[in-house]
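Dear colleague,

Please find below the sequence and structure that I am handing over to you. My notes on what was found follow directly after.

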Amino acid sequence: MQLALARWEFAVVTVFHFFFVPVTIGLAFLVALMQTLAYRRGDAEWDRLSRFFGRMFLINIAVGVVTGITLEFQFGLNWSAYSIFVGNIFGAPLAIEALLAFFMESTFIGLWIFGRDRLSPRLHLATIWMVSLGTVLSALFILAANSWMQHPVGYKVVGGKAVLTNFWAILGNPVLWGAFSHTVLAAFATAGALMLGISAWRAHRGAANSGERSAFLRGARFSAAFTCATTVLVAVAGDIQARLMDTYQPMKMAAAEALYHTERGASFSLITIGNLKQKPVFQIRVPHLLSLIANLSWNGTVQGIDNLQAADVAKYGKGSYIPLIPLTYWSFRVMVGAGIAMILLSGWGIWAARRRGGGGLSGTGGKWFTRAAMWGMALPFIANTFGWIFTEVGRQPWVVWGLMLTRKGVSLLSVADVALTLAGFVVVYTALGVIDAWLMVRAARRPLDGIGAGGEVAEGGPIGAEAEVPGLIY
Amino acid sequence: MEPFANLNTTWFALIGLLWAGYLFLEGFDFGVSIVAPLVSRDETDKRLCLNAIGPVWDGNEVWLITAGGATFAAFPLWYARLFNGFYLALFLVLLFLIIRGVSFEFRNKVDDPRWRLTWDWVNFLGSFVPAVVWGVAFTDFVHGVPLFPGGHYQAGLPGLLHPIAIVGGLASLALFSLHGLVFLSLKTSGGLAERARRLAMPVGAAALALLGSTVAWVAVASRPAVPGQLTGALPLGLGIAAVAAVGVGTSFARAGRDGWAFGATGFAVLAAVGAVWSRMFPAVFPASNHAANGLTIAAAASEHNTLVVMTVVAAIFMPFVLLYQGWTYWVFRQRLTRPPEARSARPSAGAGGPARAGGATPAGNGSETIPTGSQPTAQHA
């Protein structure tokens, strides 16, 4: 019972945290990019866009940062046996993440918010790039820790503890570099899709206001291209990861397809209705695709669940080494499906933007695209969430692949304690989520800085009814 | 002796330094949040209080995250037993730090007095509760808690609330409040700074009494001796130095010597953490029942390789962190002042216009005016 609650708690606090993380990583980069364009070209439109999305970035990062604190201590709270076993190795990247990345992010974000009027424009621009660098470094080190759980390297087990033998091996873990490219690109794509949805909507809605319309059309063109490029690269990185998974975590690969028997030239099922283990009611299969994904060959062999289970029993002793098949199978498909939808959507955006000088994006011609882009803002969040569910559930029953079972890692706690903290996090996080979403919608409705209702550019004047009291001003 | 021979003790000391840095820095931003309702007369005052810590509080909090991460890496067993043991206490701190963190950003997103008041309360509670809990926890560290063999603590939240720990918790609350008041008198000007200086007297007296009692009580109430323990002189000396610094800081505040007062209260925080750390040594998690049940540095530490990596990384990157954090404080070094037009109770949206007073500030000598009206055009908040 403690184990189940502790697993639920970890799932809740991590998944919730990861709604905000990709937006932070992606928007920091996008805002830095827009501010650079504004600075280099002296372009007021990019400047307004960077401020507009910068405001959303700050609302988002506030929740992202505070929910990250929970995770730094979650291992000690609920997973203390795990912490003792892995601390020698897992703790180091966590500490390095704090030292290299968190200090950089949080210090420079203070400088960026409060320093606009106190630093030179050049130095102020440098601060947002430092924030962006911090977010990317943070991803690198936390993924180094996670990749070690997927594929442990550079260690030996001494006296019931994993002990570090080679730190460079941990940073050179192939699984890390696959995961790092996939995750950071996905974060960029997330922010891109968010910007695309908001820009298309505002360009469409703000048709009466020529200043706003022109700025948001530009934002939409830019973010459509950015989202399309990054999402394609996410797919490329994911494809490379599939081969690594086939090598290091064959059981996860088999679970992704619910492939029970080892096959040569294995096909890939796009969709299944009915039982995954016995004969399904209905299935669409693409011949040879699974072999291509897993080892880049037409007739390559893909290991089946039953064979792998038998091999694992021989290696690790009695027990089941099979993850929850329906969840792994479906989360993999939801992730890939959402990613493909993002490529199609942003491709549509690029095409629409080229038509009649952006006329396909807004006005009556852009009605359908605008609707799609707005709903499309959900896609990256779906893909990110199910991607992590696939990665983590597919690793089960291991917490560290081949070394430690999840059920051995849990803390010594009463059911009431874990239930209480789980309930506490759910209540507080739900409230935070609702408030954050509401504030984000408000921020998305705000007029662009410096553009009045009639479309004229106003110089620093007050800007309409939605104006808010500036808070963090030095 | 090879250079990396005794990294265990080095890392014990470094984690102590991280905690000292954390409590020194976040101590004053907690303090400002706690005393803000007491020294603020209107919305402008509240904004001055929040803006005094706005650019730095997040960076301050990272010292805690780094202390946590370093403990995990250098002393996995300490990290595991401590947080598994002090489960609900840490959970409480996390919840309150979470709501505090968002309150800074959320407060000013909606122009409505009730909305702001709500987040002011959240900001206050989010600082008040951790300020007390850290004091309780640190007093428990030095006093020791009942442990089962292997360093298992199982007495729950009530077991942490020994009377001595409650006094310690109130002591840290008073000390951080004083630290925050002194910081406010250093960073603001006019009536607000004056009220902060005046309030420093009673708060300083309370901190003196509470911290003095904690030090005296811990010195008298002994725990089972640990082999290799430092003699009582060092921790007691540091404890007395902390108490003395509180007294000195309070009298500096009274004399209007704001910089010296802040130095003294800061020293008090550092000395108090030093007292806790030297008192715990050579244990990391001392037991009050049987000394042998406590965790020692040697038993809890990671293997040599991990500590070498951590030492190299810290030696290379910590100077950079100190440099750019120090630079932030330099950039925002000026006192904040009330703009002349901000005498009214509350600015209304859209009425401020270009409110940045700039050269029109009466207290012109290098001080900074905050705009009061609604002027989001130039800002990112």
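A residue is called buried here if 20 or more other C-beta atoms lie within 10 Å of its own, exposed if 12 or fewer, and partly exposed in between. By that rule Leu296(A) is exposed, because 12 other C-beta atoms lie within 10 Å. Please bear in mind throughout that this is a predicted model.

Leu296(A) and a second residue with positive phi

Leu296(A) has a positive phi of about 55 degrees although it is not a glycine. Its place is the loop that runs between helix 9 (289-295) and strand 6 (301-302) of chain A.

Ala258(A), also not a glycine, has a positive phi of about 55 degrees. Ala258(A) sits in the loop between helix 8 (250-257) and strand 3 (263-264) of chain A, just after helix 8. Is Ala258(A) buried or exposed? With 20 other C-beta atoms within 10 Å, Ala258(A) is buried.

Helix 8 of chain A

Helix 8 of chain A is mostly covered, with eight of its eight residues buried. The buried residues of helix 8 include Lys252(A) and Glu257(A), together with Pro250(A), Met251(A), Met253(A), Ala254(A), Ala255(A) and Ala256(A). Which elements cover the buried residues of helix 8 of chain A? Among them are helix 7 (210-248), strand 4 (268-273), helix 9, strand 6, helix 10 (305-316) and helix 11 of chain A.

Gly337(A) belongs to helix 11 (residues 325-354) of chain A. Gly337(A) is partly exposed, because 16 other C-beta atoms lie within 10 Å. Between Gly337(A) and Leu140(A) there are 26 Å in space, C-alpha to C-alpha, and the two are 197 residues apart in sequence.

Chain A as a whole

Chain A contains 14 helices and eight strands. Its C-alpha atoms fill a box of roughly 75 × 50 × 40 Å along the principal axes. The radius of gyration of chain A is 24 Å, which agrees with the value near 23 Å that a compact globule of 474 residues would have. Of the 474 residues of chain A, 56% count as buried. Among the contacts in chain A with a separation of 6 or more, 74% are between residues 24 or more positions apart.

Chain B as a whole

Chain B has 13 helices and four strands. Of its 381 residues, 59% are buried. For contacts in chain B with a separation of 6 or more, residues 24 or more positions apart account for 78%.

A helix pair in chain B

Helix 10 (residues 233-254) and helix 11 (residues 258-280) of chain B have axes that come within 8 Å and cross at roughly 165 degrees. An angle over 145 degrees counts as roughly antiparallel, and helix 10 of chain B is therefore roughly antiparallel to helix 11 of chain B. The crossing of helix 10 and helix 11 of chain B is left-handed. By class, the contact of these two helices has 18 nonpolar, five polar and one charged residues. On the side of helix 10 of chain B, the residues that meet helix 11 include Leu238(B), Ala242(B), Ala245(B), Gly249(B) and Phe252(B). From helix 11 of chain B, those taking part include Trp260(B), Ala264(B), Ala268(B), Ala271(B), Ala275(B) and Arg279(B).

Cis peptide bonds

Phe281(B) and Pro282(B) are joined by a cis peptide bond, with omega about 0 degrees. Pro282(B) is in the loop between helix 11 and strand 1 (283-285) of chain B. In chain A, a cis peptide bond joins Gln396(A) and Pro397(A), and omega is about 5 degrees. Pro397(A) lies in the loop that links helix 13 (378-393) and strand 7 (398-400) of chain A.

The contact between the chains

How many residues does the contact take from chain A and from chain B? The contact takes 73 residues from chain A and 73 residues from chain B. On the side of chain B that touches chain A, helix 3 (57-74), helix 4 (76-85), helix 5 (87-106) and helix 13 (304-331) of chain B each supply at least two residues. Sorted by class, that side of chain B has 43 nonpolar, 22 polar and eight charged residues.

With kind regards

Conventions
Residues numbered from 1 in each chain as written. Chains lettered and ligands numbered in written order. Predicted model: local features only at pLDDT ≥ 70, side-chain atom pairs only at ≥ 80, totals over all residues. Rg over C-alpha atoms; globule rule 2.2 N^0.38 Å. Contact = placed C-beta atoms within 7 Å. Nonpolar A, V, L, I, M, F, W, Y, C, P; charged D, E, K, R; others polar. Axes fitted to C-alpha atoms, helices over the stretch in contact; angles between N-to-C directions. Parallel < 35°, antiparallel > 145°, perpendicular 65-115°, else oblique. Left-handed = near helix turned anticlockwise from the far one by under 90°.
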